[in-house]
Each structure stands twice: as structure tokens, then as C-alpha cells.
Amino acid sequence: MPAMVKGVVGEETRFQSVEDRLTKSSPPAEVGLLIGKFSSALDRVSLFDLIPTPHNDSGEPASSITLPDKKTASKSKSQTPDSSSLFIDKDWVSEHARQVSRMLVGGIKVVGVYVWVNDNAFKNSTIMLCQTVKGVAEAAPILEVNWCERLLLQICYGPRRWNCRNCSLSSNITSSSLRPCDFKMGKVLSSFQTFRCMHSFNIRLPILHDGSSKFQTLSDVLHHAISVHAKELSDAKSLIDGKLVLDSEPCSSDGVHEVELLLPFSNNSFIEAYSQRDVSGILSFSGTICSFAYLNSKEPISQAVTDIKGDIITSLQSRLDIICDETDVDSGNHHDVGRQVGDDDVSVEKPISQLVLHLLRKECNLPFPRRVFAPWLAGTYVCDYLQPSETVEVLKDHCMELLSMKAPTEVPTILEPEKEVISFKTKSFWDVAVPFYSEIHLLEDKMKLDSRGESSSDKLVKPGHISVVAAGVILLLSILVGFVLFALKG
């Protein structure tokens with residue numbers, strides 16, 4: 001059954017600050033994102049902040065007021081006192097939501113859109129507003145709950161008031177797509193508790209010889225690996241501060257609560273059997289993820305575990321998307337992770353997301369972006385993902401550009417807890433499954449060198465013959481020892 005929001009509470013300090021800024025600058029219109037947390041247990045959304053969408057690449061604002069043509073205005077003058085409407089760059093707002101959602105941690109989401117606009121322009125722009133909200137929901141999906149709506153918050157400046165509505169995400173936009181919702185301001189952030197988890201993982205998947213798997217490219221294989229780990233996490237038990245989470249009681253203690261996830265020892269539901277002839281290599285995807293989540297004091301403690309699990313998978317997905325996005329933007333920037341062999345045995349470099357693993361000629365090793373955290377509101381954190389060559393200056397720039405916040409001035413306030421880099425590696429099957437495979441080949445090569453110039457039928461002893469002789473010697477010694485012990489006992 002789809003979840004429904006019965007009430008919305010906004011953080012009064014942040015909302016009052018936004019209202020003061022808008023009143024002082026008095027722009028004709030402004031559009032931005034609502035950042036908050038949806039609690040299915042309480043049927044309530046807690047709003048933390050309102051983040052304005054920055055100007056687009058052309059330097060133009062993401063929203064503006066449009067007036068009708070003079071001919072149209074003269075004809076409809078007797079019908080409506082104000083025919084102005086709101087124009088929104090929907091694609092730009094959606095892209096802003098996509099990038100901002102990557103910077104949010106467990107449970108905190110882009111939950112809707114806000115607009116600063118007068119009543120008449122708002123009423124004349126229902127379709128535009130609903131399309132914008134739907135675009136944001138698609139760009140920054142909330143997968144943990146079945147919520148088929150998002151919030152639309154209007155800050156009206158004539159007269160001054162706040163109006164909150166639930167906006168349906170259905171394909172058919174009608175007058176009933178917007179439904180009024182109770183809204184009030186209060187102290188939201190002060191009642192939240194912090195949960196932290198350092199989660200280590202190691203996923204191994206086979207690389208098939210003939211490419212018979214439906215997951216061919218590196219991007220597809222890693223997406224599959226992440227989905228496999230998501231299923232494993234769904235069955236994981238959890239410890240909070242060393243105690244097993246068994247019930248849904250609220251958490252009343254203060255401080256940062258440490259979460260540990262206990263994966264099932266063996267889960268064969270995602271493992272398929274392959275013969276030696278099918279497998280050419282192994283994909284190893286491993287590392288350590290740092291995750292944060294924040295819980296309302298009235299929410300059950302199990303919600304923190306759900307938010308942590310969701311944040312881990314979202315973090316992995318975001319890192320993979322960043323790698324794929326960079327190669328899509330700059331197709332000439334090829335990572336040196338391997339070469340692809342075509343039918344004519346010619347090596348051709350490919351963007352990393354398009355590498356076909358079973359055709360690679362050499363082993364691959366690619367580090368993923370690392371996650372760093374910057375202080376945000378009332379002890380909470382936002383995050384960013386840095387490539388190995390990037391510094392925290394990139395985090396500072398993104399905080400200012402995307403979140404409209406002041407950049408952290410002190411480096412010690414920035415957290416870099418991920419010491420073990422997340423990476424994927426491809427290895428030969430025998431290097432992983434049979435460590436002594438290479439040693440056997442070295443022994444055979446040495447035997448071949450020693451037998452040069454002599455008859456192979458007389459001097460070259462095959463490894464199978466060595467095994468038979470050794471077995472015979474062991475059997476003879478066993479019989480001899482048994483005979484001696486029998487004689488002594490007699």
C-alpha cells in the first residue's frame with residue numbers, strides 16, 4: 001500500500017532564514033529543492049532545508065515570471081486580474097536534484113520542490129509545477145518506501161504565507177494532482193540522533209569465457225554486483241552499540257550510535273554453479289563504506305538500520321554513476337584498466353563503462369571515488385565523492401555551488417573515514433581458485449628444460465606419473481608400519 005504524508009514539519013531556524021533572505025532580495029520568482037526525511041512510521045515529513053537551484057550554464061535563473069502577449073492580455077483582461085505564469089527550467093532543476101541527492105546521507109532525501117511566487121502565477125502554472133516535481137522525483141528517487149507523491153511548498157509573498165501540497169506522480173496531471181497538506185514549523189534537527197556504520201564488503205562474481213552471461217560490460221556487471229549485495233544486506237542482522245536489534249523500540253540514549261551489520265554466513269541463493277571450462281576469471285569488488293543516518297526520537301530504532309542499509313547501496317551506486325558520467329562526458333578519457341580484444345585480435349581502447357570483461361587481455365584494477373563528509377546543520381553531515389587525484393577543495397566547491405552553503409573553512413572538520421579504498425579487480429580464475437597453478441606450470445617448464453637433448457619417453461616424467469609413484473610409496477610404507485606394529489603387539 002502506498003505511503004501517505006499527513007503532516008509536514010519544517011525546521012524553523014532554516015525556514016525563517018530563507019524567508020528573510022527572499023524578503024530582502026525580493027526576486028520575482030525562485031525555485032529550489034526540499035531536503036528532508038520521510039518517516040513512514042509517523043506518516044510525516046521533517047524538512048531540514050530549502051536549497052535554491054543555481055543559475056544554469058548560461059547564467060540564467062532556473063525560474064522566472066512570464067507575461068502573456070499584449071493581444072492575449074487585452075482579450076482576457078476582463079476575465080482575470082493577473083495572467084502571469086511561472087516558467088521553470090525543469091531539466092536544470094532535475095539535474096540539480098540528481099547531484100544534490102548524491103551528497104545526502106542515510107534517510108535524508110530530496111522530498112520535493114519549493115517555489116517563491118505569488119498566488120496568481122502559482123494557480124496559472126499547475127502543469128509546469130507538477131511536471132517539475134515529477135522530474136525531480138525521477139532524478140532523485142526514494143527507493144526505500146513506496147511513496148507515490150512528493151511535496152510542493154509555495155512561499156507566497158502577496159500576502160505572505162506558506163502553503164504545502166502533496167503532488168501526485170501519476171502521468172496524468174489534473175486539477176486533483178495537488179492535494180493540501182498540513183504544514184507547520186518547529187524544532188526538527190534538535191531531536192535527531194546520529195547513527196554511524198563502517199561496512200566492509202567483498203563481492204566475487206565469475207567472468208565467463210564466451211560472454212554467455214547477460215551482464216557483458218563492466219558497468220552492467222558492477223550494477224549486478226551492487227544488486228546482489230543489496231539482497232544480502234536485506235537479510236543482515238544488526239548490532240547497535242553492541243546490542244542485537246530485535247524490536248522496534250525508540251532509541252533514547254544520546255551520542256553517536258555505532259551500527260554493525262551481520263551478513264549471513266552463507267547464502268547460496270545468488271550463487272550459480274559453473275564448470276571450469278565456463279569461467280575465465282573472477283571479478284572482485286571490495287572495500288569499506290562509511291555511512292551515517294539520522295533518526296527522530298519517536299521513530300523505531302530499526303528505521304536507522306534500514307536507512308544505513310539503503311545509504312550503503314546508494315553510495316556504491318553513486319560512485320559507479322560518477323565513473324560512468326565522467327567517461328560519457330569525455331569519451332577520450334580512457335582509464336588504463338585493460339584492453340578489449342576484437343575478432344581480429346586487435347586491441348582497442350574503450351571507455352571504462354563499456355569494457356567487455358571476458359575479452360580483456362590483462363588484469364584490471366580500478367579504484368572507486370572515496371566518500372568524504374562535511375558538517376552541515378546541527379551536527380549532521382553531507383558528503384561528496386572524490387577521485388584519487390582530487391582534494392577536499394572539490395568538496396568545498398560543491399557545497400557552495402549545489403547546497404548553497406558556506407564552504408568548510410577548517411580542514412579538520414572534514415571527515416575522511418574511508419581508509420580502505422573501494423575498488424574492483426579482475427583476476428585469472430586459477431590465480432584465485434588454485435593459488436598453486438602458476439607453481440605447477442613453473443615445475444613443468446623446469447622439467448622440460450632438464451630433459452632437453454634426451455629422449456622424452458625415457459627422461460620426461462609426467463606429473464600424473466609422479467602422483468602414482470608417490471601413492472605407491474605411501475601405500476608400501478603404511479603396510480610396513482602396520483606389519484611392524486602387529487609384530488610388536490604379538
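**Backbone, cores and surface of the predicted model**

D241 is partly exposed, with a relative accessible area of 42% (partly exposed lies between buried, under 20%, and exposed, over 50%, with a 1.4 Å probe and protein chains only). The model is a predicted one, in which local features need pLDDT of at least 70 and side-chain atom pairs count only at pLDDT 80 or more, whereas totals for chains, interfaces and linings use all residues. Residues are numbered from 1 along each chain as its sequence is written, and side-chain values use heavy atoms, with hydrogens and water left out.

D241 belongs to the loop that joins β12 (237–240) to β13 (243–244), and its phi is positive, about 55°, although the residue is not a glycine. Most residues other than glycine have a negative phi. S26, in the loop between α1 (12–25) and β2 (30–39), likewise is a residue other than glycine with a positive phi, near 50°, and is partly exposed at a relative accessible area of 49%.

The protein comprises 12 helices and 21 strands (DSSP runs of H or I with at least four residues, and of E with at least two, numbered from the N terminus). Of its 490 residues, 43% are buried. Among contacts (heavy atoms within 4.5 Å) with a separation of 6 or more, 74% are between residues 24 or more positions apart.

The largest nonpolar core has 56 residues, and I35, V100, V110 and V115 have the most contacts inside it (a core joins buried Ala, Val, Leu, Ile, Met, Phe, Trp, Tyr and Cys residues through side-chain atoms within 4.5 Å). When residues up to four places away in sequence are not counted, V100 touches L33, I35, I51, V110, L402 and L403. A second, separate core of 37 residues includes F195, I289, L295 and I422.

K309, placed in helix α7 (residues 302–329), is buried yet has no salt bridge (a side-chain nitrogen of Lys or Arg within 4 Å of a carboxyl oxygen of Asp or Glu). The nearest side chain of opposite charge to K309 is that of D235, 7.4 Å away (Lys and Arg count as positive, Asp and Glu as negative; His and the chain ends are not counted). With residues up to four places away in sequence not counted, K309 touches L233, S234, A236 and L261.

The protein exposes about 26300 Å², of which carbon and sulfur atoms supply 54% (Shrake-Rupley method, 1.4 Å probe; for residues, only the protein chains shown count as cover). F483, which lies in helix α12 (residues 463–489), is exposed, with a relative accessible area of 58%.
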